[in-house]
Every structure is written in structure tokens, then in C-alpha cells.
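Here is a short briefing on one structure. Have the sequence and the coordinates open as you read.

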Amino acid sequence: MSSFLERYEELHPNSRDLYERAKKFLPDGVTHDNRRQLPFPIYVGRALGSKKWDVDRNEYIDYVVGHGALLLGHSRPEIVAAVSNQMTKGTHYGASSALEMHWASWVNRLVPSAEKVRFFSSGTEATLMAIRLARAYTGKDKLLRFEDHFDGWHDYTCHVHMEPGKAPEAPGVPAASLSTVTIVPQNDATLVDKTLSSGEFAALILEPTGPSWGLVPIKDGFLADLREITRRHNVVLIFDEVITGFRVAVGGAQEFYNVKPDLTTLGKCVAGGLPGAAVAGRADIMAMIEFRDDERWNSTRRIAHPGTFNANPLSAAAGVTGLQILSSGKEQETANALGARLRKRLNDVLDRLGIPGCVYGDFSMFKFFVTRECSQRGCDRSACTVTAEDIRKAGARTGGLSAEAARNFRWGMLNAGIDFMGSRGGMLSSAHTEEDIDRTIAAFEEVLGELQREGLLK
Ligand SMILES: Cc1ncc(COP(=O)(O)O)c(C=O)c1O
């Protein structure tokens with residue numbers, strides 16, 4: 001089974017060389033945990049539409065799409081034009097610009113909960129501010145989260161190590177900060193109600209399609225239950241739509257499921273694929289950032305918010321153009337339809353090869369496979385029966401494959417020119433094509449067939 005690895009090494013000498021040099025300067029040689037890869041990652045030098053090319057001139061169909069930021073594909077001409085044009089007019093004014101007003105007005109127009117908007121550079125900053133707003137507004141400290149939901153990596157949302165009978169731990173994070181965060185399983189409205197009834201909670205934050213964009217699907221009606229429960233307990237409901245915003249529907253998951261949160265965090269697509277993020281929501285909560293004609297308020301109650309690159313002109317130009325394009329809903333329709341087709345055809349491969357498990361997911365996103373029999377392969381959100389327990393048993397990071405199978409799957413797919421998010425799944429853009437799907441299916445069938453012949457799919 002070393003052939004996938006041998007071929008990977010043959011195909012990527014320049015990537016290997018860059019990695020050897022990068023290790024001297026970058027921890028682990030990389031700049032994002034998910035870009036780590038044995039024995040070295042690919043180094044990409046160019047991208048366009050649904051494709052990217054590495055420094056060894058290998059071509060890939062890209063299902064990472066900028067960690068979800070590029071719903072419009074790589075270097076969409078309108079975005080390139082907007083950013084290039086803005087470059088010539090200045091990249092930072094250290095002052096307000098009309099662009100930020102236009103950008104905020106697009107968010108306000110498209111996102112149902114967005115009465116007021118504040119911009120940031122990353123989704124992590126956005127969730128940090130949303131939580132701080134909720135705490136300042138309610139005067140309470142506690143935050144409720146759901147297991148495995150990813151809402152950035154600051155002290156209140158980072159991965160926490162939990163062991164029965166022990167206090168939660170996260171290296172570098174004060175125990176006092178962690179003690180303000182309670183984590184419960186998703187999909188149990190009664191438990192949420194009971195937890196919030198203590199009266200100590202400022203906010204509940206969640207990814208509205210489930211952890212890591214739907215690893216465990218949200219139960220039908222759960223979001224509406226959360227809306228009712230949080231309102232009854234005066235807890236601020238925060239939808240973290242950093243991934244789902246503008247992707248699952250023009251107005252995000254809140255529009256699709258018709259549930260309006262108090263605050264929404266946005267990132268990725270909000271800035272047309274450039275660095276940028278936002279908190280949007282109820283004007284009375286957002287007013288915690290506003291100055292008043294009251295010195296006491298300003299110095300003791302108001303949340304201070306500077307930030308050098310907030311609404312920087314390049315991100316704002318890309319954001320305005322991107323949201324304008326996304327506002328028609330056509331891009332989402334295209335990517336969602338391609339997503340449905342890809343999931344169906346990937347499942348057909350599993351059927352043909354007699355491999356248990358499924359490819360599931362929704363909208364323009366897909367997840368691999370939990371290794372349990374699934375009688376409803378290809379079903380959509382409400383019918384999907386994947387549970388947190390299935391994921392735990394299967395191993396969230398390897399999609400149910402053994403570590404060895406997952407590594408070989410990854411090398412095999414990269415050798416065949418397909419860049420999935422490891423063996424966890426991926427996302428599509430509106431730039432993907434039927435031909436991309438045909439090539440992906442052929443590669444998937446070949447690589448899985450090889451793993452099967454080698455006895456690695458158990
Ligand atoms: C749902 C969600 N929230 C927050 C974040 C953090 O955003 P960023 O990586 O821009 O800090 C991410 C990043 O992937 C995310 O998926």
C-alpha cells in the first residue's frame with residue numbers, strides 16, 4: 001500500500017523542498033492546523049475557478065475553496081476587478097469610507113437579523129465580539145455551546161479537552177475563562193431549557209446547520225425550539241454563520257430555516273473571499289459598542305472596539321461586489337445543485353463497491369462517511385440519521401476510515417488531482433462543473449477500489 005505515497009512523493013518534489021525549508025520558520029511548517037499533512041503538504045501557486053495548481057504543476061479540483069470562503073470560486077473576474085481597482089485608490093485610509101457603508105447596507109439587506117453591522121478581519125474576532133456583546137448587554141457571564149461546534153479559536157470557543165470528573169482544559173486558556181463556558185450535546189431542547197433556567201447565561205452560540213457545517217445534522221425544529229427557549233430565559237441567541245452565511249441561502253441558515261437569532265456572526269463569503277468578518281444583529285444589543293452623551297456609560301459600560309483592518313477598503317470592495325453577485329441566489333442554486341449531484345454520485349460509488357457508510361451533508365457541502373450501514377444513502381437534511389455517537393465512533397477527523405486508510409485516501413485523491421478537506425468531506429463553489437464531478441467520481445472509485453483491494457476498508 002506504499003504506492004499512493006510513492007506516487008505522491010514522485011509528483012511533488014518542489015512541495016517537499018518548500019516544506020523542508022518552511023519547517024525552519026513555521027511551527028509544523030504550516031500556518032493552519034488543517035493544512036498539516038504527512039509527509040509534507042502540497043504548495044499551491046495559482047488558482048482559478050474550481051481549480052488550483054501546485055508548484056509542481058499538478059492540477060487539482062478544489063473542494064477546500066478557501067476553507068469555505070470562495071463560494072464564487074477562485075479569482076472570480078468581478079472580484080478581481082473590484083480589488084484591483086481599489087488597489088490603485090488606496091488600501092487603507094485610516095478613516096471611514098463609503099465602501100464600508102455600502103458593505104454594511106448589503107449585509108443589512110440580505111441577512112434577516114442584521115439591523116446593525118460591525119466589521120472585523122476574521123470569524124474568530126466576530127464570535128469574540130458577539131459573545132462580549134451578549135455578556136455586556138445581559139450583565140451575565142455564562143456562555144452555552146454545543147459539543148463539537150466550531151466557533152473560532154479564542155478563549156471561549158477554542159477546543160477544550162474534557163475528561164469525566166475533571167475540569168475542562170485548554171492549554172494557555174485560564175481556568176476562570178473556561179469555567180464560564182458550558183458545553184452540552186446538540187439536539188436536546190429539554191436539556192438546553194433546563195441549563196438556561198439557572199438564569200446565569202448571557203448567550204447561546206451555535207453553528208445553525210450543526211458542528212463543522214453539519215457533521216451532525218440539526219434536528220428538525222431544534223432551531224425554532226432554541227429561539228423560543230432563549231427568548232423565554234432572556235438569553236442572547238447567536239447564530240455563527242461564518243460558514244453558512246450567504247452559502248446555504250442568500251440570507252444564510254436563518255433565512256432557510258426561518259429562525260431569526262439576536263446576533264449573527266459572518267465571515268468567509270461576507271468579504272468576497274478576502275479577509276473579513278462581521279457581527280450583525282439587533283440594534284439595541286449592537287448599541288453596546290456605541291458612545292453616548294454620558295461619560296459614565298462611555299467609560300464603564302460601553303464595549304471598546306478598535307481594529308486596524310476593520311472594513312479595510314480591499315476587503316470592503318470584494319465584499320460589496322461578492323454580496324451583490326450572491327444576492328440573486330443563482331450562485332447558491334448552482335452550488336447546491338452540484339452538491340446534491342456530487343453526494344448522490346459518491347454514494348453510488350459506495351454502493352457499487354459495497355462499502356458501508358455514506359456521503360451525507362446538505363446544500364453545497366458534503367461529509368464522508370460514517371462506517372455504519374445506512375439505508376437511506378443520499379438523503380437530505382431532515383432524513384439524515386447520522387448521530388454524534390456515530391461520529392465519535394467513526395472518528396471525526398478521518399471520516400470513519402482508519403488512520404492508515406485516511407492517509408492513503410488523501411494521497412490517492414491528491415495524486416488523482418482532487419483536493420478534498422482531508423478525508424472529512426468538502427465544499428463546492430458555483431464555479432465547479434459537471435466535468436469536475438465526473439473526474440471526482442472516477443478518482444473516488446479508483447482510490448476506494450484500491451484501498452478495498454488492499455484490505456484497508458474495514
Ligand atoms: C463556523 C465558524 N465560525 C468561526 C470560524 C472562525 O473564523 P476564522 O477562521 O475566520 O477566524 C470558522 C472558521 O472556519 C467557522 O467555520
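Two strands pair if DSSP finds at least two bridges between them. With that rule in hand, F239 has T264 in β9 as its bridge partner. The model is predicted. The points below cover the ligand shell, the strands, a helix crossing and some backbone details.

**Around the ligand**

- The shell around the ligand holds 14 residues. S122, G123, T124, G152 and V242 come nearest.
- Which helix gives the largest share of the shell? Helix α5, residues 123-138, supplies three residues.
- By class, seven residues of the shell are polar, four are nonpolar and three are charged.

- Strand β8 spans residues 236-240. Five of its five residues are buried.
- In a regular strand the side chains alternate between the two faces of the sheet.
- Both faces of β8 are covered. V236, I238 and D240 lie on one side, and L237 and F239 on the other. All of these residues are buried.
- β7, residues 201-206, pairs with β8 in the parallel sense over four bridges. A203 stands opposite V236 in this pairing.
- β8 also runs parallel to β9, and three bridges join the two.

**L266 in strand β9**

- L266 sits in β9, which covers residues 263-266.
- Is L266 buried or exposed? L266 counts as buried because it has 31 C-beta neighbours inside 10 Å, and 20 or more are enough for that class.
- Leaving out residues up to four places away in sequence, L266 touches V107, A126, E241, V242, G245, A277, A278 and A280.
- V242, one of those contacts of L266, is also among the residues that come nearest to the ligand.
- L266 and E115 are 151 residues apart along the chain. Their C-alpha atoms are separated by 14 Å.

**I183 in strand β6**

- I183 belongs to β6, residues 181-184.
- I183 is partly exposed because 15 other C-beta atoms lie within 10 Å, a count between the limits of 12 or fewer for exposed and 20 or more for buried.
- Apart from its neighbours within four places in sequence, I183 is in contact with R145, F146, E147 and V160.
- The C-alpha atoms of I183 and H149 are separated by 9.6 Å. Along the chain, I183 and H149 are 34 residues apart.

**The four-stranded open sheet**

- Four strands make up an open sheet with mixed pairing. Their order is β1-β2-β3-β12.
- Which strands are at the edges? β1 (44-48) and β12 (418-419) are the edge strands, and each pairs on one side only.
- β3, residues 59-62, and β12 pair in the parallel sense over two bridges. D62 stands opposite D419 of β12.

**Where α4 crosses α13**

- The axes of helix α4 (residues 98-110) and helix α13 (residues 313-326) come within 9 Å. They cross at roughly 35 degrees.
- The crossing of α4 and α13 is left-handed.
- From α4, the contact uses L99, E100, H102, W103, W106 and L110. From α13, it uses P313, A316, A317, G319, V320, L323 and Q324.
- By class, the residues of this contact are nine nonpolar, three polar and one charged.

**Backbone details to check**

- Most residues other than glycine have a negative phi, and most peptide bonds are trans.
- The peptide bond from L38 to P39 is cis, and its omega is near -10 degrees. P39 is placed in the loop between α2 (13-25) and β1.
- S75 is not a glycine, yet its phi is positive, near 45 degrees. S75 is found in the loop between β3 and α3 (77-87).
- S75 is partly exposed because 15 other C-beta atoms lie within 10 Å.
- N234 also is not a glycine, and its phi is positive at about 55 degrees. N234 lies in the loop between α9 (222-232) and β8.
- N234 counts as partly exposed because it has 13 C-beta neighbours inside 10 Å.

Definitions and conventions. Residues numbered from 1 in each chain as written. Predicted model: local features only at pLDDT ≥ 70, side-chain atom pairs only at ≥ 80, totals over all residues. Near = placed C-beta within 6 Å. Nonpolar A, V, L, I, M, F, W, Y, C, P; charged D, E, K, R; others polar. Axes fitted to C-alpha atoms, helices over the stretch in contact; angles between N-to-C directions. Left-handed = near helix turned anticlockwise from the far one by under 90°. Contact = placed C-beta atoms within 7 Å.
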